[in-house]
Every structure is written in C-alpha cells, then in structure tokens.
Amino acid sequence: MTDLRIRSPRFIIGLIASMLCLAAVAQAGPPLICHTIEIGQARSLPWTSDSWNLNSGETYDTKNLVRDTLEILEPNAPVLVRMETLRRATLYARKDPSAAKELLARLHARATSAESSGHADALAWFDVGYLAETYKQWIGRNLPHMTDGMRMDSNPAAGVDGYALVKKAIALRGSDPQMEFAAAMITLSGPQDEHRQHALKAISGAQTDSLLALNLAIRFIGPRTETMSELLAKNSTSN
C-alpha cells in the first residue's frame, strides 16, 4: 500500500506553488504565470508539463532561450501566442539568470531600434512590456514557491514599467482585444479604472475572436476557480 505521507520535495514545492496560485485569484498574485494561455496548434517554446508550471523532466536547453523566443515572436505571431511564449520563457529564465537578462535586453533593443528608424513597432513594445511584468511576478521574489534550491537572483526587469509599455503598444496598434486582455491581466490588482476599460474591451472583442473567447472561458486554475472573464469582470466592478 502506498504511504500517502511520503512525498518528494518537488511534489511539495509544486503543491505549495499551486496553492499560491489559487490564493492569487482573490488578490491578483501571479496571474501572468499561473494562467496558461490557449494557443491551439501554434508554435511556442517546448512544453512537456501537464500543469502551468515546469515539471522535473524538462530537457530544454536555456542556452537556446533567447534565440528560440525571438524566432517565435515574429511579426505574424498573434498576441495570445506571444503571451504564452513569454510566460514559458519566464519560467525557463528563472533557471538561467544570464538568459533572463539577455532576453529582456534583446527585446528592448528590437523595440528601440524600430522606433529610432521611424517605424515604431507595437508588437515589439508589447513583448518588452509583457515580459517585464511576467518577470516581476516570478523572478527574484521571496515567496514560498521560490524555496526550491534555485538562486535568488535579482530581477532584470526591476524598475521597468512594463504596463506603460503595453499601453504604448495598444496606442500604436489601435483596436486589439488580445492586447486589451493582456493589459487586463496585468492590472488585476489595479489601477482599477484602467483595468475596467481593458477588461470591457477584451470581453467585447471576444465576440469576433474565437481563440480569445476560449481563453476567457477557461478557468483561472482548477475546476473550482472562476473563468477568466468572470475574474476580469469581477475585478472591474469591485470596490
């Protein structure tokens, strides 16, 4: 008979992390990390885990992280694919501080280069901003899910206002419900008025975007939690 009292350290760490994400629904903890984005058959970084987090069996070489991420974030990649790719990149980057710094620097250089040439790139600025915000929710934070033996390196996005860059991308892009969804996720804990506007635009835009509609219908994490549309709408009308 299996002794239920015996658990591996990785199992306990994973359980703690999952519990943290469940608690995060109410207080807008790390939604950019805990909530996987449905992207259909689109290409993203390799992923073998059955959950939102990395498991212990990944063989992905983070030396390829910057190159692979930049290749995926090409001009035709939808915003939802960018969101999921940057979420995965952040999980991998936590294991490789050098790759984490280089990825943020390369994305920023790409955005500033395009702007300096007179052709500001909304998607490039979105990538920098969204990555910065995912880094802030996962890298360098002294939280229970960080006690797995990994080094507590500083966050390379410290001091970067990723939300401001995402808003800049929206202004350059014009109407884009998927970007509004990303901005609504970033602002789950505020500012409330801006969150409300992003959430309403995302939910409205999902009427003509089946993949966005699917993502809004997915529960945050686990069968007992709210759907993303319910979570976004509740936070936009609270207080």
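Trainee: Which residues in helix 4 meet helix 6?

Mentor: Val79, Arg82, Met83, Leu86, Thr90, Leu91 and Ala93 do. Their partners in helix 6 are Leu123, Phe126, Asp127, Tyr130, Leu131, Thr134, Tyr135 and Trp138. By class, this contact has 11 nonpolar, two polar and two charged residues. Nonpolar covers Ala, Val, Leu, Ile, Met, Phe, Trp, Tyr, Cys and Pro; Asp, Glu, Lys and Arg are charged; the others, Gly among them, are polar.

Some ground rules. This is a predicted model, in which local features need pLDDT of at least 70, side-chain atom pairs count only at pLDDT 80 or more, and totals for chains, interfaces and linings use all residues. Residues are numbered from 1 along each chain as its sequence is written, and side-chain values use heavy atoms, leaving out hydrogens and water.

Trainee: What makes two residues a contact?

Mentor: Heavy atoms within 4.5 Å. Take Phe126, setting aside residues up to four places away in sequence. Phe126 touches Val79, Arg82, Met83, Val166, Ala169, Met179 and Ala182.

Trainee: Why are helix 4 and helix 6 called oblique to each other?

Mentor: Start with the angle. The axes of helix 4 (residues 79–93) and helix 6 come within 9 Å and cross at roughly 40°. Axes are lines fitted to C-alpha atoms, for helices over the stretch in contact, and angles run from 0 to 180 degrees between N-to-C directions. Under 35 degrees is roughly parallel, over 145 roughly antiparallel, 65 to 115 roughly perpendicular, and the rest oblique. The two helices are therefore oblique to each other.

Trainee: Is the crossing of helix 4 and helix 6 left-handed or right-handed?

Mentor: Right-handed. That word is used if the near helix is turned clockwise from the far one by less than a right angle, and left-handed if anticlockwise.

Trainee: What makes helix 7 roughly antiparallel to helix 8?

Mentor: The axes of helix 7 (162–173) and helix 8 (residues 177–186) come within 10 Å and cross at roughly 160°. That angle makes helix 7 roughly antiparallel to helix 8. Their crossing is left-handed. Tyr163, Val166, Ala169, Ile170 and Arg173 in helix 7 meet Met179, Glu180, Ala183 and Ile186 in helix 8. The residues of this contact are seven nonpolar, no polar and two charged.

Trainee: At what angle do helix 6 and helix 8 pack?

Mentor: At about 25°, with axes 11 Å apart. That makes helix 6 roughly parallel to helix 8. The crossing is left-handed. Ala122, Leu123, Phe126, Tyr130 and Glu133 in helix 6 meet Met179, Ala182 and Ile186 in helix 8. This contact divides into seven nonpolar, no polar and one charged residue.

Trainee: Why does Thr90 count as buried?

Mentor: Buried means under 20% relative accessible area, exposed over 50%, and partly exposed in between (1.4 Å probe, protein chains only). Thr90 has 0%, so it is buried. Thr90 sits in helix 4. Beyond neighbours within four places, Thr90 contacts Ile33, Leu131, Thr134, Tyr135, Trp138 and Ile139.

Trainee: Is Ile139 buried or exposed?

Mentor: Its relative accessibility is 7%, so Ile139 counts as buried. Ile139 is in the loop between helix 6 and helix 7.

Trainee: Is Ser189 buried or exposed?

Mentor: Ser189 has 60% relative accessibility, so it counts as exposed. Ser189 lies in the loop between helix 8 and helix 9. Pro191 is in that loop too.

Trainee: How do you know that helix 3 is largely enclosed?

Mentor: Six of the eight residues of helix 3 (residues 65–72) are buried, so the rest of the structure largely encloses it. They are Leu65, Val66, Asp68, Thr69, Leu70 and Ile72. Their cover includes helix 4 and helix 5 (97–116).

Trainee: How many residues has the largest nonpolar core?

Mentor: It has 65, and those with the most contacts inside it are Met83, Phe126, Tyr135 and Phe181. Helix 6 (residues 122–138) gives the most, with 11 residues. Such a core is a set of buried Ala, Val, Leu, Ile, Met, Phe, Trp, Tyr and Cys residues joined through side-chain atoms within 4.5 Å.

Trainee: How many helices and strands has the protein chain?

Mentor: It has 11 helices and zero strands. Helices (H or I, at least four residues) and strands (E, at least two) are DSSP runs, numbered from the N terminus. Buried residues make up 47% of the chain's 239 residues.
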